[in-house]
Amino acid sequence: MKLFETTATAGHEQVLFCNDQASGLKAIIAIHDSRLGAAMGATRLWPYESEVAALTDALRLSRGMTYKAACANIPMGGGKAVIIAKPEQKTCELLQAYGRFIERLNGRFITGQDINLTPQDVRQINRETKYVVGTQEKSGGPAPVTAIGVLLGMKAAAKYRFGSDNLKGLKVAVQGLGNVGQHLCDWLHQNEVKLFVSDINQAKVSKVARLYGATAVEPEQVYGLDVDIFAPCAMGAILNTQTISQMKASIIAGSANNQLLDEQVHGEMLTDQNILYCPDYVINAGGLINVYHELIGYQEKKAISHVHSIYDTLLELFKKAETTGMTTHKASMQLAEERITQAEQAQMLVSA
Ligand SMILES: NC(=O)C1=CN([C@@H]2O[C@H](COP(=O)(O)OP(=O)(O)OC[C@H]3O[C@@H](n4cnc5c(N)ncnc54)[C@H](O)[C@@H]3O)[C@@H](O)[C@H]2O)C=CC1
Ligand SMILES: O=C(O)C(=O)Cc1c[nH]c2ccccc12
């Protein structure tokens with residue numbers, strides 16, 4: 001991998017490789033863009049099959065955070081971090097060593113909980129650095145608010161595709177029943193949808209099936225289900241040639257980051273199959289919005305009102321994609337880039 005060429009092409013400012021011999025920590029912190037403010041992005045822990053895979057994930061996720069902040073009208077930058085480890089390798093020493101790396105960035109990167117990190121883990125990191133948000137004690141974990149944002153995004157997509165944002169009676173398949181997926185299923189149950197659910201953790205499937213009368217689906221069967229909405233709330237890169245060719249859903253609306261394996265190829269494939277794709281970093285911005293409000297002084301009503309902007313932003317993108325013929329993903333990138341340029345110009349005017 002040509003490191004400077006790869007990172008410069010995607011616009012990354014800084015990539016930090018974190019090694020701590022004593023605890024065995026191996027982590028990558030990617031700061032994509034801090035022109036508008038400190039880079040914000042949660043930290044995930046994952047047993048990547050290679051260091052290149054870990055770096056690739058960190059680079060793409062951090063770039064997504066820049067676009068996520070811009071599309072959500074949050075005047076902050078984008079970053080993300082990955083800890084290369086198995087969940088069972090997580091120790092207090094490793095988490096605290098990671099916290100010291102965050103602290104030494106002096107606020108350039110503000111992080112929190114993502115996949116395979118618990119609120120208790122975040123507290124360990126928080127012992128060594130103040131640059132952590134989204135803890136239970138403050139605004140609470142972001143996942144429940146991310147789920148609200150995904151529900152609102154689903155409603156906007158239903159409004160655009162079916163003429164009404166009432167989800168009652170629609171068939172919805174939720175892939176991934178974790179922090180976000182379970183909260184989303186609760187909301188969807190309250191909206192009287194017909195739920196289909198899948199997870200590689202059978203206990204979670206059984207729990208949700210029991211709680212909400214959901215139909216359990218084998219993980220590999222979820223893509224070909226005859227449903228109205230497919231909600232990816234697990235891992236990224238699940239929208240690829242093999243899975244999209246199976247799809248019968250009219251709408252894709254889920255929380256997972258980096259859903260498109262190839263942004264252009266698979267964004268266009270969805271458009272060609274007349275599947276309405278909700279760009280992931282637009283529909284899943286609820287968590288970022290919530291922790292941003294913690295940063296500026298948390299007021300729940302203001303935070304939730306901000307999350308509701310996801311509905312209108314998606315409707316704007318759907319219309320733009322239709323009138324221009326571009327994919328919804330491309331329309332969201334264009335919106336983000338326009339807003340970053342406008343915000344940068346405004347900052348220059350203020351500082352002039
Ligand atoms: N937690 C948050 O506030 C936010 C989460 N996201 C993204 O949403 C997704 C889910 O996040 P969380 O719920 O926090 O993670 P989580 O780790 O709590 O849940 C993920 C779930 O997906 C399941 N899973 C993994 N591979 C699967 C597969 N092949 N098929 C079905 N299920 C599978 C896991 O067993 C787990 O239950 C991730 O991609 C995350 O990056 C995005 C924005 C904010
Ligand atoms: O939307 C994402 O992928 C996030 O990383 C959101 C998020 C969850 N917890 C955080 C803590 C600090 C910055 C962002 C987040």
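A polar contact, as the term is used here, is a pair of N or O atoms within 3.5 Å of each other. The structure described is a predicted model, and the report follows its two ligands and the residues around them.

**Ligand 2 and Lys80**

A polar side-chain atom of Lys80 lies 2.6 Å from an oxygen atom of ligand 2, and this pair falls under the definition above because its atoms are within 3.5 Å. Two further side chains, those of Lys68 and Asn257, also place an N or O atom beside an oxygen atom of ligand 2, at 2.7 Å for Lys68 and at 3.0 Å for Asn257. The protein covers 94% of the 360 Å² of accessible area that ligand 2 has on its own. Helix 2 (51–71) and helix 11 (286–296) are the elements that give two or more residues to this shell.

Of the 15 residues around ligand 2, those that come nearest are Gly41, Ala42, Lys68, Lys80 and Asn257. Sorted by class, the shell holds 8 nonpolar, 5 polar and 2 charged residues. Ligand 2 lies between domain 1 (3–61 + 77–133) and domain 2 (142–337), because both domains give residues to its shell.

Lys80 itself is found in strand 5 (residues 77–84), and with a relative accessible area of 3% it is buried. An unreviewed UniProt entry lists Lys80 under "active site".

**Ligand 1**

Around ligand 1 there are 23 residues, of which Arg44, Thr146, Asp199, Lys204 and Ala234 come nearest.

| Residue | Protein atom | Distance to an oxygen atom of ligand 1 |
|---|---|---|
| Asn179 | polar backbone atom | 2.9 Å |
| Val180 | backbone N or O atom | 2.9 Å |
| Ala234 | backbone N or O atom | 2.6 Å |

Taken alone, ligand 1 exposes 830 Å², and the protein buries 86% of that area. The elements that give two or more residues to its shell are helix 5 (143–162) and helix 6 (179–190). By class, this shell divides into 10 nonpolar, 9 polar and 4 charged residues, and at least three residues come from each of domain 1 (3–61 + 77–133) and domain 2 (142–337).

**Gln113**

Gln113 is found in the loop between strand 6 (109–110) and helix 4 (119–126), where its side chain reaches the backbone oxygen of Leu117 at 3.0 Å. The relative accessibility of Gln113 is 17%, so this residue counts as buried, the cut-off being under 20%.

Notes:
Residues numbered from 1 in each chain as written. Chains lettered and ligands numbered in written order. Predicted model: local features only at pLDDT ≥ 70, side-chain atom pairs only at ≥ 80, totals over all residues. Heavy atoms only, no water. Near = heavy atom within 4 Å. Polar contact = N/O pair within 3.5 Å; in protein donor to acceptor, adjacent residues only side chain to side chain. Areas by Shrake-Rupley, 256 points an atom, 1.4 Å probe, with all protein chains shown as cover. Helix = DSSP H or I, 4+ residues; strand = E, 2+ residues; numbered from the N terminus. Nonpolar A, V, L, I, M, F, W, Y, C, P; charged D, E, K, R; others polar. Domains from an automatic or database assignment. UniProt positions renumbered as here; feature names shortened; annotations may be inferred. Buried < 20%, exposed > 50% of the residue type's maximum accessible area, 1.4 Å probe, protein only.
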